Amino acid sequence: MSYLEIEQSEFLTKFRLISFYLAVVFVLISLIGIFSNGINLGLDFTGGYLTEFTTQQSVTQGKMEALLASYLPESFKLTSAENGTYWSVQQADNSISFKGNTWLTGFSQLSGLTITPQDAIYIGSQVGEELINQGGLALLTSIIVILLYLSFRFEWRLATGSVVALFHDVVIVLGVFAWFDIPFDLTILASLLAIIGYSLNDSIIVGDKVRDLMKRNSEKDIDSIINSAIKATIVRTLITSGTTLATILSIWLFAGESLAGFSIALFCGVFVGTFSSIAISATVPQLMGLSADLYVKREQEVCQLP
Amino acid sequence: MMNSPTSPHVKNAKWQNIVIIFILLFMCISALPNLYSDKVKLHLVENNHTQINTVSPQDINALLAQHKFSVDEIKTSNISTEITLNNKTDQNAIERLLRQTYGNDYSIGSTIENSSPDWLKSLGGEPIKLGLDLSGGVLFVLNVDTEHALSDRLKSIALEIRTLAIEKRIRLSKVSQPDNHSIEINFSPGKLDEVKLLLANIKKSYPELIKTEQDNTQVILSYSTQEQAKFRQETMKQTLKTMRGRIEELGITEAVTQKQGKNNIRIELPGVHDPEEAKRIIGATASLDFYQLAENLRDAGVIHLRDDNGRKLVMNGQAVLSGSNIKNARAGQDEMGSPLVNLTLDSVGGKKMSSFSKKNIGKPMVTVFSEFYRNANDEVIKKSKVINVATIQQHLGSQFSITNMSSSKDAQELALLLRAGSLTAPVTIVKQRSIEATLGVDNIDNGIKALTIGITITLIFMALWYRTLGLIANIALALNLVSLLGLMSLLPGAVLTLPGIAGLVLTVGMAVDTNVLIFERIKEELKRGKRVISSIESGYKSAFSTILDANITTMITGIILYSIGYGPVKGFALILCLGILTSMFTGVFVSKALTNLAVRDNKAQILSIKVGDK
């Protein structure tokens, strides 16, 4: 190992450890956000007030959306039917939202549309209680099964590293949503699930390289093995994350308001996921006492010949 | 370099290539219908069938041209006229116009059809169904008659009181329901203590009832206002759950089911072209009950029904078993090929059936199918039909079957309804309306544009970074997208929604990843000084285990989400799982075949690393 490489390696170790503690701080900040601010659950989860009305003229959805946005104080969900003449507006059920269909008169005057009010009614959540329970159960089960699978394929400390990285990614994205008060709806739930898939993928590839190097050069210390594993996978990590981030970014920038929350969640998730695969998923096993000659020892145990 | 391939290896590769080409072709054909758009067709059918079709295409064309509508095609036959619309948004206006002009003599209907060529349709090709957010669907508002359910519940309690009284030999002069939340029990004076004992028994099974003693000849059992409200809420919750179950049984994964107001349920179904079919399943309040024939015709609460042959049947009022005890139901056939429904009961139902059938071997049991519907006066009416009267041949357990179904379609429908859970309250459809995409056309267009830009950036980057291999990766990526679209078009339950697009973005990322992993390995091997061919060989081989590990864990997440999740989560999980399969296939097998092809022509320059072939 040349002098330069040693210096690089030392730098990487320092970077990993500092980032790890930084990640702990970020997770704490996110947790504080989640528990103090709470997550702003969207209409999909809370239900709300549904106002239906018809317009005499046919209006495009985009135009109606803009008109309503300038009139209603809060976010809403708009559905159109009958070629843009029948409208349903769903709003959150709280003090500042307009309830019933009395606001329609004002809106009619402002927009200049001929509006006939239809039903105004309270509407329940799109998501049943059972989904929330089932969703939690699903997450827990999948984490346990993944932990078991990885422990079987790799080693329990590497598996724990991947799951800790996963936890870190999800908590930080939730934290972003809590601190910035972005409404959390079903679409964002789906992107959170995507992040889980992504984060695992990243961590496993680093873990796989660590295992590979441990088998090949057991005489090295664990620190330098992890460093060289990260160095070997960094190009791949950056290319994959970079291309995915480019796609997400273009959705964020060009696809408009309706996809903003979705792309924010994905962007944060992939970004944080890339970071965690470098700083956390391999550092955790090291802190938990993974030793470099593990696989050699194991082989010796298996091949005890008389 | 002397490349000396062993002949079995080459043969193997050839076979692999043929299989790969075959699969890719199949996927391309499945994905093809997505290129064609959906067209709305209006049908004019003459009400009076004795006359031949008299309206001419020229008339319609002139009428439409006068109102500045353009249509693609007008086809007339002896019985009907078919108009294919140019633009979906004109549908309502044209329909209104036609109704005004021809409404008296013609009935007007509409269908949505994919405009793909006939040969594609004959292969069974269908486009991907789009979710509510992308293409709209049908909205149903259902009214749940909780009052009826409450009065039904009281009726059965009253019946139980009467039966118990007869068993205990207590004479009650009258058991009646003055309103729909109480039961009035009248008895002769001096029997108060016996009646109290009887009611204590009833209270044990229905602790929510409140007992009021009027005097020593009358007791009233009633539901308090809170209990009534609680009962209504429970009924709504149960109905909502059953509805979600039914929609899932229909194979629609991305529906929206919400409680609306106090007594309504709002259901939005994506991509439903045949609302009648969906309506039948959703609105059906079918329940199945099993009764014993009454031994004493004057027993309390006996039910009189006629079977198909007009035979009069008198049954005990208390059902042996009801639909709520059914855990699973599957349509099948017996040895003679006639349709039947196989039932599996839950533990309570199994016990009931076991003890009942043991005592009654050789005696008949009646299967009754009941359904609620609304008559012309908007009153809810229960219609019951005897499906069959079967003699109990043996001691039955928790599994048995209902025979005598009229057709296998009936059997399947009954099985579906029983599986999804029966409704305790009658449900009627009060509103039906087609709804437009919730995201709006502009947003969808922008979304697609954005996705295209993102993927293009990825493609350009890969081509610049990996040169020849990058092009191969790009071809693999394109084939991956096509295969994924093809697979999704094939599966009837797959619906593409916004969350699904999240899955798609992730899939693209993973497909790129698969190739990057392989190429980085190959680079590594080349740097170690291996030859090109063997670097490629071992690059693919050693990267495969990494790819497998990474994808299997994601697959585990996907499968668990699919099996436990509901609605959008399910849809997302499906795309994720399919995406993993296609990206493994295209990323590993297809790109390897392509690499082998490319390397044969261009050994020296690969991965932008100059390699002097030794």
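This is a predicted model: local features need pLDDT of at least 70, side-chain atom pairs count only at pLDDT 80 or more; totals for chains, interfaces and linings use all residues.
Among contacts in chain B between residues at least 6 apart in sequence, what share joins residues at least 24 apart?

1. That share is 71%.

2. Start with the overall make-up. Chain B holds 15 helices and 25 strands. It has 614 residues, and 38% of them are buried.

3. Next, one sheet. Four strands form an open sheet in chain B, in the order β7-β8-β10-β9. Their pairing is antiparallel. The edges are β7 (172-176) and β9 (210-215) of chain B. Each has a single partner strand, so one side of each lacks a neighbour in the sheet. Direction ignored, neighbouring strands of this sheet are turned by 15° against each other on average.

4. Strand β8 of chain B spans residues 182-187, and strand β10 of chain B spans residues 218-222. The two run antiparallel and are joined by five bridges. Where does N186(B) stand? Its position is opposite Q218(B), a residue of β10(B).

5. Last, a single helix residue. A200(B) sits in helix α7 of chain B, which covers residues 192-205. Is A200(B) buried or exposed? A200(B) counts as exposed, because it has 10 C-beta neighbours inside 10 Å. The cut-off for exposed is 12 or fewer.

6. A200(B) can also be placed relative to K211(B). In sequence, A200(B) and K211(B) are 11 residues apart. In space, the separation of A200(B) and K211(B) is 9.8 Å, C-alpha to C-alpha.

Technical notes. Residues are numbered from 1 along each chain as its sequence is written. Chains are lettered from A and ligands numbered from 1 in the order in which they are written. A residue is buried if 20 or more other C-beta atoms lie within 10 Å of its own, exposed if 12 or fewer, and partly exposed in between; C-beta atoms are placed from the backbone. Two residues are in contact if their C-beta atoms, placed from the backbone, lie within 7 Å. Two strands pair if DSSP finds at least two bridges between them. Axes are lines fitted to C-alpha atoms, for helices over the stretch in contact, and angles run from 0 to 180 degrees between N-to-C directions.
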